[in-house]
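Hi,

Here is the structure I promised to pass on. Have a look, and then read on for what turned up.

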Amino acid sequence: MPFGKKKYRNLNVVHVFKDALKHNLHLYQKWCPHQAICPVLKSNAYGHGLTLVAKALDDENLPFFVVDSLYEAYELKKARIKTPILIIGASHPESLHTGIIGRVRRLPFHFSVYNKESAELFAKLGYPVHLKIETGFSRLGFSLEALTEQLPFFKKIGLNIEGVYTHFADADNPHNDAKTTEQVQRFETALTLIEKTGFSPKWIHCANSAGALKVKNPKFNMARLGISLYGIPVIEGFEGLKPAMELESTLIAINEVKKGETVGYGGTFTAPHPMRIGIIPVGYYEALPRSLSNAGCVEVNGTLCPIVGRVCMNLCMVDLSHAEAKLYDPVIVYSRHPEQKNSVLEQSKAAQLIPYELLVHISESVARRLE
């Protein structure tokens, strides 16, 4: 990347693969032909880069990009993204009353309504909304009782309900679909109530990456594709997703450690024999959770090298005993190959975390490149 008039060489780079993003999107469109698939780009596109991923998919003629906040929506508009934007998180009223209201009305933003106050706000401002139904998550949304009470009020204030949606709490459970079935039944009841009141929402969506593959109802015409857009599978039986990123770092130092010497904070690793220890400029600030201390691995010139000692804030140490390595060699921290021991899926298991946590915690200061 340019740095003033000179070239700046990034030590850490997230490579984001456009072909993989499109492949995963098209695969879901094939698996779910009766649902419009909407990529979820919240949380910096699950760590892949908000505007980067949006630009990669902006030519796909999608109904929406789904984000969490007004901030994310504005970032996409600043990047001249043409796809309409659905904001499913909360927006503070002050953010909509600070001199931007006229411009916001002309922008293709849809907002989530999840309580009476947000309904009043967006009805007054005239924005299209998606009504959030609470079906068993105990988070945001209208319960069936609250919905029955509020629907006449929504009609009175002229709420522009363009969509109705809910969110599954347990759709990726491979052993029990009872919770999801119960949520679907409540959602269907909510749709009946809404239609009887005289509303005709265009978009009906309840499915996330897992739910889209399990729940089949012709009324549900949209799905929100989150983690699987980025190549992480959620349920068995649907193969072929491609991981959409690879995190590459650089070998910045090689130390010779004697037998019996300890490595890192707290001396949690003791060299069992003379060792070559490599230093990588990735720590728990950049991407690697501390729980990968003495548990994870990286790849150097085709050789897997265990992480030894505690992961530091901006560094980690790796065992180069079996690797051919020299200074400034590339290091693959998270591999794009799912079968590799240093893939996001496998590293998350070693860290005892879910893949989401590894991805979204890749610092925004790490360079992203679309390839």
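How do the residues lining the largest cavity divide into nonpolar, polar and charged? Three are nonpolar, four polar and three charged. Bear in mind that this is a predicted model. The search of the whole structure gave one cavity of 30 Å³ or more, and its volume is about 40 Å³. Its lining includes Phe 137, Arg 139, His 167 and Gln 183. Two of these names go together: Arg 139 has its charged end over the ring of Phe 137, 4.2 Å from the ring centre.

Now the open space. The largest pocket holds about 670 Å³. It is lined by 26 residues, and those closest to its centre are Lys 42, Tyr 46, Arg 139, His 167 and Asn 208. Helix α2 (42-46) and strand β11 (222-225) are the elements that give two or more residues to this lining. By type, the pocket lining has 14 nonpolar, five polar and seven charged residues.

On to the rings: there are 13 aromatic pairs in the whole structure. Tyr 46 makes a tilted pair with Tyr 356, at 6.1 Å and 40 degrees. Because Tyr 46 lies in α2 and Tyr 356 in α11, this pair ties together parts 310 residues apart in sequence. Tyr 46 is buried at 8% relative accessibility, whereas Tyr 356 is partly exposed at 33%.

Cheers

Note on methods: Residues numbered from 1 in each chain as written. Predicted model: local features only at pLDDT ≥ 70, side-chain atom pairs only at ≥ 80, totals over all residues. Heavy atoms only, no water. 1 Å grid on protein atoms, 1.4 Å probe; cavity = no way out; pocket = protein on both sides within 12 Å on 5 of 7 lines; lining within 4 Å. Points joined across faces, edges and corners; volume = space filled by probe spheres on them. Helix = DSSP H or I, 4+ residues; strand = E, 2+ residues; numbered from the N terminus. Nonpolar A, V, L, I, M, F, W, Y, C, P; charged D, E, K, R; others polar. Phe/Tyr/Trp six-rings, centres within 6.5 Å; stacked < 30°, edge-to-face > 60°. Buried < 20%, exposed > 50% of the residue type's maximum accessible area, 1.4 Å probe, protein only. Lys NZ or Arg CZ within 6 Å of the ring centre and 35° of its normal.
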